[in-house]
Amino acid sequence: MSAYNNIESALIHGGIYGDEYTKAVNVPIYQTSTYEQSGLGEEFRWEYSRTGNPTRAALEALIAELEHGTAGFAFASGMAAITAVLSLFHTGDRIIISSNVYGGTFRLLDKVFNHFGISYSIEDTTDISSLEKKITKEVKAILVESPANPLLTVTDLAAVSRLAAKYDILSIVDNTFMTPYLQRPLELGADIVIHSATKYLGGHSDVVAGLVVVNDDKLAKQIAFIQNSTGGVLGPFDSFLLIRGIKTLGVRLDRHVENAEKAAEFLSRHKAVKNVYYPGLPEAQGYEINKRQAKNGGAMISFELYENYDIKKFFKSLKLVALAESLGGVESLVCHPASMTHASIPYEVRQQVGITDGLIRLSIGIESIDDILADIAQAIEESEG
């Protein structure tokens, strides 16, 4: 029986805790490629670190527990994790994806998996009745982000999961923006959860990693086979860093969200701001759905300035908030999705789904909120035409 009931404790004590040999409170870094066998034909858990490594196994057990899944898998990047999941499918299969997803996911489907005869369609997953009409016999999965990147669109994950189950297809959720601390898609019926663990789970912009969690043994065996066969595994040192990062996920995200809520309110009242996209605002699309399925609105915000403001000057004028790819670190970051994270999506598609050239995406860090808002305010002022 577990000694804890809450995720705040599971973040620290979950999975494989400590070291049974030395009683160290941290899982050691097993920096080895291979393991000595007792004899021919004698079973031994560890044989080769692509197949399994004790440090990686501790991380995989931890993320499985946090997401309330059957098994977890750690990969060398978020894209390696998505690649492994998409490798479940076959020639002729079609994947439905949300109308705004991470550009790397789109690129992977559009430029890589299409070579193998796996196609995709971009649909509005917020409209369940319309989504159902798009499910043909070729469709084998629905892959969603909620909130989605970069417009923070909210999809009803339970409804999508029910729809997928009705047609005997997989529901896949990229939970990077929320993490299991704020949202657990498997509890809402999803089959597979994906994380770019580089982001909030690592939390310190010092590790690149991806995680997958599944909800049944059959999927676990399939992903384990793909992970071992393709070999895009996370190394032991990065696994250690990720375990360490997850220990502080709760306290970090509490501060991230506290700051983000204040930043969203500030931007929504600012005379220079035309649109704010943040699911924690009562007027936001999907606010009530997000309240049902997530703890709060998270810490990502996107917004647009009015046309008389020069966004190039805005980016150039920021002093505390860094212009950079990625998100979810302790430091505040800003990016221009159209030319950075979503540049791989064709212009026409970006316009169709609402990723305008004026869209700005903020990853709110854990610095003083007064300093964050002062920096944004002075950059907006400098950018006025």
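User: How much space lies in the second largest cavity?
Analyst: About 40 Å³. Keep in mind that this is a predicted model.

User: OK. Which residues line the second largest cavity?
Analyst: The lining is made by S98, S99, N100, E123, D124, T125, T126, E145, A148, T153 and T155.

User: How does that lining divide by class?
Analyst: There are 7 polar residues, 3 charged and 1 nonpolar.

User: And how many cavities of 30 Å³ or more does the structure hold?
Analyst: It holds 2.

User: What volume has the largest cavity?
Analyst: The largest cavity has a volume of about 50 Å³.

User: What lines the largest cavity?
Analyst: I97, S98, S99, N100, V101, F106, I122, I345, V349 and V353 do.

User: Which elements give two or more residues to that lining?
Analyst: Strand 2 (94-98) and helix 13 (347-353).

User: What about classes for the largest cavity?
Analyst: Its lining has 7 nonpolar residues and 3 polar ones. No charged residues take part. The second largest cavity, in turn, has 3 charged residues in its lining.

User: Which residues turn up in the lining of both cavities?
Analyst: S98, S99 and N100 line the largest cavity. S98, S99 and N100 also line the second largest cavity.

User: Where is V25 placed?
Analyst: V25 sits in the loop between helix 1 (7-13) and helix 2 (54-66).

Definitions and conventions. Residues numbered from 1 in each chain as written. Predicted model: local features only at pLDDT ≥ 70, side-chain atom pairs only at ≥ 80, totals over all residues. Heavy atoms only, no water. Helix = DSSP H or I, 4+ residues; strand = E, 2+ residues; numbered from the N terminus. 1 Å grid on protein atoms, 1.4 Å probe; cavity = no way out; pocket = protein on both sides within 12 Å on 5 of 7 lines; lining within 4 Å. Points joined across faces, edges and corners; volume = space filled by probe spheres on them. Nonpolar A, V, L, I, M, F, W, Y, C, P; charged D, E, K, R; others polar.
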